[in-house]
2 protein chains.
Amino acid sequence: MDGHSGEKLLYLTDEQLRKGIEAMFFAYRGFTSDPDRILEKYGYGRAHHRALHFVNRSPGTTVNNLLGILGVTKQSLNRVLRSLVDDGLVESRVGQRDKRERHLYLTPSGTSLERKLADAQQARVRAAFRDAGPEAVAGFRKVLEAMMDAENKKHFHSLKE
Amino acid sequence: MDGHSGEKLLYLTDEQLRKGIEAMFFAYRGFTSDPDRILEKYGYGRAHHRALHFVNRSPGTTVNNLLGILGVTKQSLNRVLRSLVDDGLVESRVGQRDKRERHLYLTPSGTSLERKLADAQQARVRAAFRDAGPEAVAGFRKVLEAMMDAENKKHFHSLKE
DNA sequence: TTGGAAAGTCAACAAGGCTGACGTAAAATC
DNA sequence: GATTTTACGTCAGCCTTGTTGACTTTCCAA
């Protein structure tokens with residue numbers, strides 16, 4: 001028996017894993033709650049937020065690229081995208097080189113709502129980061145990245161910074 | 001200008017906050033994907049997983065307590081709970097002291113499915129924890145806890161170590 | 001020139017949230 | 001003892017957001 005190695009691996013016990021899993025569950029609820037409240041006032045949902053976020057992050061992205069990032073069907077994305085285009089928050093431009101493609105951009109009102117949602121969400125994350133400190137934040141990022149699928153990790157790294 | 005403090009607060013810039021937010025989004029997808037695949041085979045969804053998880057964690061918990069933890073309406077929970085009871089995974093016992101209450105327990109088959117789901121989810125979390133190391137895990141937990149609502153933090157701490 | 005990729009659309013369906021209303025039993029309170 | 005509150009269940013209906021399948025149009029590229 002090696003008491004030392006048992007001590008070192010405390011964070012891998014069933015109990016600790018369960019607590020980590022529960023932490024993800026409860027934290028994710030807080031994570032989405034502030035934007036959710038704003039979206040409700042606009043008659044939008046989380047799917048609209050995600051679309052606005054990633055279009056803002058990669059202006060000119062194609063629908064197909066967005067599908068890969070969001071991991072939903074085109075029918076599902078199209079419904080969300082259509083309402084955003086109809087409401088004048090997103091502009092869909094036919095591709096120059098390849099006219100089958102649609103390139104997506106936020107309009108000024110789209111940018112404005114995205115900013116509002118990001119502010120709300122960032123306020124909570126900023127507070128959490130500040131409270132936890134830089135080393136905790138580094139650990140947080142490290143664990144989250146290790147938790148991603150290979151596919152999602154690719155998308156994650158393809159986004160700037 | 002203070003270059004030093006700018007350096008120290010790098011993790012609070014807009015870019016870093018956005019990356020933290022995106023990390024949560026992509027990681028949460030990985031986090032739920034393994035149990036989701038198992039649930040599908042049983043004709044269940046994430047809501048069933050959550051119910052099984054928390055009933056397992058607090059055997060004998062009341063419906064009302066579970067409602068608080070899950071943060072959904074009783075109609076929504078009831079639909080899920082009914083199917084689990086009908087399928088013989090959860091047992092609902094009338095309270096001894098207060099007969100209005102229903103106390104919830106996993107049956108052997110309920111325990112078995114919960115174990116299977118937990119194994120799948122824990123495998124990924126364990127691998128992520130192992131890769132990231134104990135200090136990263138501590139930071140991960142610290143940030144997640146700071147991200148929770150007061151209400152959720154209360155629920156989180158009420159669950160046994 | 002033709003095959004296939006990209007995009008859009010229609011229809012139908014399911015999970016899982018929600019509100020509102022109603023009923024029942026039991027506990028708590030007046 | 002009568003009334004009110006609590007805990008739970010249930011019916012009905014609605015919404016968002018995911019799914020599959022089928023079909024069309026456009027248009028690049030082999």
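Me: Which residues are the closest to DNA strand C?

Reply: A residue is near a strand if its C-beta atom, placed from the backbone, lies within 6 Å of it. Here 23 residues surround DNA strand C, and the closest are Asn64(A), Gly45(B), Val72(B), Thr73(B) and Lys99(B). This is a predicted model: local features need pLDDT of at least 70, side-chain atom pairs count only at pLDDT 80 or more, and totals for chains, interfaces and linings use all residues. Residues are numbered from 1 along each chain as its sequence is written, with chains lettered from A and ligands numbered from 1 in the order in which they are written.

Me: Which element gives the largest share of the surface near DNA strand C?

Reply: Helices are DSSP runs (H or I, at least four residues) numbered from the N terminus. H5(A) gives the largest share, four residues.

Me: How does one read the relation of chain B to chain A?

Reply: Copies are superposed by least squares on the C-alpha atoms of residues with pLDDT of at least 70 in both. A rotation of 180 degrees, with 0.0 Å of shift along its axis, superposes chain B on chain A with an RMSD of 0.1 Å. That is the relation of a two-fold axis. In chain B, the C-alpha of Phe140(B) is nearest the axis, 1.9 Å from it.

Me: Is helix H7 of chain A mostly covered or uncovered?

Reply: A residue is buried if 20 or more other C-beta atoms, placed from the backbone, lie within 10 Å of its own. H7(A) is mostly covered, with 11 of its 14 residues buried, among them Phe140(A) and Arg141(A).

Notes: A residue is buried if 20 or more other C-beta atoms lie within 10 Å of its own, exposed if 12 or fewer, and partly exposed in between; C-beta atoms are placed from the backbone. Helices (H or I, at least four residues) and strands (E, at least two) are DSSP runs, numbered from the N terminus.
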